[in-house]
Amino acid sequence: MKYVRLGTTGLEVSAITLGCMSFGNPMRGNHSWTLPEEVSRPLIKQALDAGITTFDTANVYSDGSSEEIVGRALRDLATRDEVVLATKVHGRMRPGPNGAGLSRRAILSEIDHSLTRLGTDYVDLYQIHRWDPLTPITETMEALHDVVKAGKARYIGASSMYAWQFATAQHTADLNGFTRFVSMQDQYNLINREEEREMHPYCLDQGVGVLPWSPLARGKLTRDWDDTTSRSETDNFGQTLYKQHEEGDRAIADVVAEVAAERGVPRAQVALAWVRQQPAVTSPIVGATQAHHLEDAVASVDLTLSDEELARLAAPYRPHVPEGF
């Protein structure tokens with residue numbers, strides 16, 4: 001495993017981040033495909049044994065049970081100071097007023113709930129899961145600043161928004177002396193590259209690390225285009241993605257398969273290697289439900305694609321309407 005700085009911070013993260021949405025009580029929330037604790041724990045141990053030190057979850061994943069499973073596993077299998085633990089806030093955690101969003105009330109409440117579920121005094125990275133159009137950004141940034149100053153988070157990050165929104169948040173922090181975001185977690189892969197237009201250049205300019213989610217396009221780049229999995233058949237959010245240019249996207253997936261065959265490696269390694277070699281990217285977030293998912297993710301760190309291969313993989317892309325916000 002390799003380790004890299006998160007943007008221009010001093011924080012070192014593993015070159016692969018383990019996404020923990022796959023871990024959770026399948027009876028809680030709306031992710032019936034998630035893995036219960038007894039199945040999740042061996043995968044978390046496998047990740048640790050492979051040198052993955054960075055773990056990303058969210059309060060909303062499986063109604064909080066992802067945080068519970070990850071927290072217990074890291075407590076038992078790792079030393080807290082040796083791992084980088086990230087979680088997120090924004091999604092609805094309870095019905096009624098103040099059960100979601102990025103108000104001061106919601107943020108200060110949810111960080112405490114997350115820390116309790118994770119069984120830790122602090123998270124290394126506390127991220128806003130989406131933009132909240134109903135809350136003034138000054139209120140959100142001040143609340144996040146207070147979370148950092150209280151020692152409950154070491155750094156803050158953001159996820160999936162328009163570049164102008166992210167720039168507005170950073171400008172608000174600068175004007176008021178609040179803590180700035182150090183990372184952007186956005187959807188980025190070979191069949192969704194819209195972040196290259198504004199978000200990634202902005203992150204490069206501002207020294208912000210990029211942690212792409214869905215770097216394998218929900219598995220579409222790892223298998224034949226029409227193949228399905230239990231997750232793809234039941235993941236309601238995932239079913240809203242990758243519908244815009246299916247023929248063009250299929251052509252990209254075919255090139256991934258061709259390069260993988262020429263290299264003699266699984267397709268996942270090629271798709272991840274492409275993402276990792278993009279200039280703005282710090283550490284792709286990879287979910288795992290089977291051991292070989294982690295094996296491929298770790299192996300991709302040592303796979304360097306040639307300029308010709310990078311160009312072949314990128315060539316079929318056609319513009320998409322941004323999605324996943």
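Select Glu-308 and Arg-312 to begin: in this predicted model, their side chains meet in a salt bridge with an N to O distance of 3.6 Å. Both residues belong to helix H11, where they stand 4 residues apart, about one turn of the helix. Glu-308 is partly exposed at 46% relative accessibility, and Arg-312 is also partly exposed, at 23%. For a set of salt bridges that share partners, select Glu-37, Arg-41, Arg-72, Arg-75 and Asp-76, which are joined into one network.

Next, step back to Ser-306, in the loop between helix H10 (291-300) and helix H11 (307-314).

Then display helix H8 (residues 246-263) together with helix H9 (residues 267-276), whose axes are 8 Å apart and cross at an angle of about 110°, so the two helices are roughly perpendicular. Val-256, Ala-257, Val-259 and Ala-260 of H8 make the contact with Arg-267, Val-270 and Ala-271 of H9.

Now select Asp-112 and Lys-152, whose side chains form a salt bridge at 2.8 Å, N to O. Because Asp-112 sits in helix H3 (residues 104-118) and Lys-152 in the loop between helix H4 (137-149) and strand E7 (153-159), this pair ties together parts that are 40 residues apart in sequence.

Finish at the surface with Tyr-162, Trp-164 and Phe-325, a nonpolar patch that has about 350 Å² of accessible area together. Trp-164, in helix H5 (residues 163-176), counts as exposed at 54% relative accessibility.

Terms used. Residues are numbered from 1 along each chain as its sequence is written. This is a predicted model: local features need pLDDT of at least 70, side-chain atom pairs count only at pLDDT 80 or more; totals for chains, interfaces and linings use all residues. Side-chain values use heavy atoms; hydrogens and water are left out. Patches are made of residues with over 30% relative accessible area and no salt bridge: like charges are joined within 9 Å, nonpolar side chains (Val, Leu, Ile, Met, Phe, Trp, Tyr) within 5 Å. Accessible areas come from the Shrake-Rupley method with a 1.4 Å probe; for residues, only the protein chains shown count as cover. A salt bridge is a side-chain nitrogen of Lys or Arg within 4 Å of a carboxyl oxygen of Asp or Glu. Buried means under 20% relative accessible area, exposed over 50%, partly exposed in between (1.4 Å probe, protein chains only). Axes are lines fitted to C-alpha atoms, for helices over the stretch in contact, and angles run from 0 to 180 degrees between N-to-C directions. Angles under 35 degrees count as roughly parallel, over 145 as roughly antiparallel, 65 to 115 as roughly perpendicular and the rest as oblique. Contact means heavy atoms within 4.5 Å.
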